[in-house]
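Here's a walk through the pockets of this protein and the ligand that goes with it. Have a look at the structure first.

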Amino acid sequence: MVLSERGRSKIDTGDDEAFYDSPRLVTHADDAFLTRLTELYAAVLSPGDRVFDAMSSWVSHLPERPFDRVVGHGLNEAELRENDALTEWFVQDFNSDQSLPLADDSFDAVLCALSVQYLQYPERTFAEFARTLDSDGVLVVTFTNRMFPTKAVRAWRAASMDERAALVESYCRAAGLTVTDVVREQPGQDPFYAVVAEKSA
Ligand SMILES: C[S@@+](CC[C@H](N)C(=O)[O-])C[C@H]1O[C@@H](n2cnc3c(N)ncnc32)[C@H](O)[C@@H]1O
């Protein structure tokens with residue numbers, strides 16, 4: 001296990017679905033971060049890709065591409081319904097159940113933007129991301145220094161940005177993925193960090 005029991009604890013131990021009960025139709029980083037995120041997705045994704053946007057919301061930050069399938073997941077149904085990029089979606093609390101209702105090897109890309117800090121069981125969740133990725137699939141995890149602090153795990157709250165990147169790298173490795181790139185940039189006010197990992201590398 002990558003996280004200790006203490007490291008995966010949160011200040012707010014209440015139900016995550018209840019916390020996300022009301023839709024938040026806001027963005028969770030500044031425009032420069034979101035533009036950089038779309039650029040990174042454009043560099044990694046190809047037309048026709050099958051994409052799983054895990055821990056999504058009302059926007060997916062995807063570039064204009066004809067994707068074959070874009071499956072969204074989140075905690076708030078109203079937010080996901082607003083998300084035009086998604087061809088289908090489901091609601092699931094990953095801190096209660098990490099098994100994804102998705103077939104093995106069925107995605108070219110799994111995306112997780114601005115959300116990894118809320119995972120209390122990242123080892124099992126990332127193992128599921130890896131299972132659903134096709135043999136040449138890619139996982140893109142992005143984050144900044146903003147968060148809902150009461151819902152982020154202790155290991156994340158206590159860490160520097162570089163330590164957070166190292167933590168995400170360790171989640172990838174624990175799931176058998178190979179980290180191929182770690183991006184650390186400052187496009188605007190919010191630092192832009194990305195960990196890119198592949199199944200086959
Ligand atoms: C800050 S928002 C980021 C949303 C979106 N990825 C974006 O870039 O705008 C955090 C998201 O994490 C997801 N999330 C938080 N806690 C979760 C949990 N316990 N299980 C599953 N998803 C969770 C929710 O979908 C929530 O919308």
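## The main pocket

The largest pocket has a volume of about 580 Å³. A pocket here is an open set of points on a 1 Å grid over the protein atoms alone, where a 1.4 Å probe fits, with protein on both sides within 12 Å along at least five of seven lines. The volume is the space filled by probe spheres set on those points, which are joined across faces, edges and corners.

Lining residues have an atom within 4 Å of a point. There are 34 of them in the largest pocket, and Tyr-20, Met-55, Leu-114, Ser-115 and Tyr-118 are the closest to its centre.

## What the model is

This is a predicted model, where local features need pLDDT of at least 70, side-chain atom pairs count only at pLDDT 80 or more, and totals for chains, interfaces and linings use all residues. Residues are numbered from 1 along each chain as its sequence is written, and side-chain values use heavy atoms, with hydrogens and water left out.

## The ligand

So what takes up the space of the largest pocket? The ligand does; sitting in a pocket takes more than half of a molecule's atoms within 2 Å of its grid points. Around the ligand are 19 residues (a heavy atom within 4 Å), with Asp-16, Met-55, Asp-93, Phe-94 and Ala-113 coming nearest.

Now the polar contacts (N or O atom pairs within 3.5 Å). Asp-16 puts a polar side-chain atom 2.7 Å from a ligand nitrogen, while a polar backbone atom of Ala-113 is 2.9 Å from a nitrogen atom of the ligand. Leu-75 has a backbone N or O atom 3.4 Å from a ligand oxygen.

Conventions:
Polar contact = N/O pair within 3.5 Å; in protein donor to acceptor, adjacent residues only side chain to side chain.
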